Amino acid sequence: MDEVAGAIADPVRRRILVMLREERLPAGEIAERFAISRPAVSRHLRVLRESGLVADELVGRRRFYLLRAERFAELAGWLAQFAAPAGWERRLDALETEVYRTRRGRARDAVAERQAKNDENQENIA
């Protein structure tokens, strides 16, 4: 997990990961999208490769990089503990549930009241 967190700490590497989310790309095309030197991009790609976030494959003379999203699982699981709803959010969720229950209860009461009036009217007619 530390290796993955370290790899995504750099904004250039995060941009590379976003690019690779859509499709595999050759190293040259990745480098063209940055204002930094090709050797600098190569170093970033090496860090991503060594952390296991990307894999590379040689096709002819071109090296393609592709995302290995499964490597995010452990870090994502750890981060999820911080994304849990805060106390006030849970209370608002409970309030919303109670509002829906009250509305359903009132609707049932209104239907029962109408049915009782209909029954009373039927008795008066007979």
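Predicted model: local features only at pLDDT ≥ 70, side-chain atom pairs only at ≥ 80, totals over all residues.
Once neighbours within four places in sequence are set aside, I30 is in contact with I16, L20, L25, V41, L45 and Y65.

The largest nonpolar core comprises 18 residues, and I30 is listed with I16, L20, F34 and L48 as the residues that have the most contacts inside it. Two or more residues of this core are given by each of the helices α1, α2 (11-22), α3 (27-32) and α4. Helix α2 supplies the largest share, namely five residues.

Helix α4, which spans residues 38-51, also contains S51. Is S51 buried or exposed? Its relative accessible area is 1%; because buried means under 20%, S51 counts as buried. The side chain of S51 reaches the backbone oxygen of L48 at 2.9 Å, and L48 is one of the core residues named above. With residues up to four places away in sequence not counted, S51 touches E3, V4, A7 and R71.

Which residues make the nonpolar surface patch of about 420 Å²? The patch is formed by M1, W78, L79 and F82. Of these, M1 lies in the segment before α1 (2-7). S51, by contrast, is buried.

Technical notes. Residues numbered from 1 in each chain as written. Heavy atoms only, no water. Helix = DSSP H or I, 4+ residues; strand = E, 2+ residues; numbered from the N terminus. Buried < 20%, exposed > 50% of the residue type's maximum accessible area, 1.4 Å probe, protein only. Polar contact = N/O pair within 3.5 Å; in protein donor to acceptor, adjacent residues only side chain to side chain. Contact = heavy atoms within 4.5 Å. Patch = residues over 30% accessible without salt bridge, like charges linked within 9 Å, V, L, I, M, F, W, Y side chains within 5 Å. Areas by Shrake-Rupley, 256 points an atom, 1.4 Å probe, with all protein chains shown as cover. Salt bridge = Lys/Arg side-chain N within 4 Å of Asp/Glu carboxyl O. Core = buried A, V, L, I, M, F, W, Y, C linked by side-chain atoms within 4.5 Å.
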